[in-house]
Amino acid sequence: MNPLFIYATGLSWNHDSSTLFAVLAFVIHCHSIRQKKPGRWLFLSGLSLGLAIGFRLSFALCVIPFIVTILLYAEGIEQKRNSLLLHFSLGMLVSLLPALIMFLLSPKQFLFGNIYWRKLNTIYFQNLNYKRAVSIIGKLRYMKRVFINKPGNLLLCVTFLFFV
């Protein structure tokens, strides 16, 4: 029910789909831990997380908590740990295979948006007559406006901090 989320959702197709697949991966991952044979569920979790990463590279860091969970779940059983990591990794590999093929076919074009976007973004804002970057004070003022004008954002932030 956050107004900022409601406003922003749907503006870019790869945000929504990657979020959907990341949440699906999390749900499947949680379900796998309660199973006697979690391998196939971890494969599906890896498959879903791989799709999230394939849609939006910024989801790549989500791999870390998933792997840590597997390592903690299979603590003390190295053979089981390796098997579970293999299932999860295979799922990710299968879903990222099309992206890997595209990278191998044309690495320079594949990485263009991820490597050179910052330069293009800077040029874009310079063309809009922005002469300097926003200062820390300017960013804090913006955050204050976001929280004052939309109390739902402040509630969301306070709730998040409480649970963290």
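A crossing of two helices counts as right-handed if the near helix is turned clockwise from the far one by less than a right angle. In the predicted model examined here, helix α3 passes helix α5 in such a right-handed crossing. The two helices, of which α3 spans residues 39-55, pack at an angle of about 35°, with their axes 7 Å apart. On the side of α3 the contact is made by Gly39, Arg40, Leu42, Phe43, Ser45, Gly46, Leu47, Leu49, Gly50, Leu51, Ile53 and Gly54, and on the side of α5 by residues including Leu84, His87, Phe88, Leu90 and Gly91. By class, this contact of α3 with α5 comprises twelve nonpolar, eight polar and one charged residues.

Phe88, which belongs to the α5 side of that contact, also takes part in an aromatic pair, and the count of such pairs comes to four. The ring centres of Phe66 and Phe88 lie 5.9 Å apart with the planes at 15°, and because planes under 30 degrees apart count as stacked, the pair is assigned to that class. Since Phe66 is located in helix α4 (residues 63-73) and Phe88 in helix α5 (residues 78-105), the pair ties together parts that are 22 residues apart in sequence. Phe66 is buried at 8% relative accessibility, and Phe88 is likewise buried, with a relative accessible area of 1%.

A further pair is formed by Tyr124 and Phe125, whose ring centres are 5.1 Å apart and whose planes stand at 75°, so that the arrangement is edge-to-face. Tyr124 is partly exposed at 48% relative accessibility, and Phe125 is partly exposed at 37%.

Note on methods:
Residues numbered from 1 in each chain as written. Predicted model: local features only at pLDDT ≥ 70, side-chain atom pairs only at ≥ 80, totals over all residues. Heavy atoms only, no water. Phe/Tyr/Trp six-rings, centres within 6.5 Å; stacked < 30°, edge-to-face > 60°. Helix = DSSP H or I, 4+ residues; strand = E, 2+ residues; numbered from the N terminus. Buried < 20%, exposed > 50% of the residue type's maximum accessible area, 1.4 Å probe, protein only. Axes fitted to C-alpha atoms, helices over the stretch in contact; angles between N-to-C directions. Contact = heavy atoms within 4.5 Å. Nonpolar A, V, L, I, M, F, W, Y, C, P; charged D, E, K, R; others polar.
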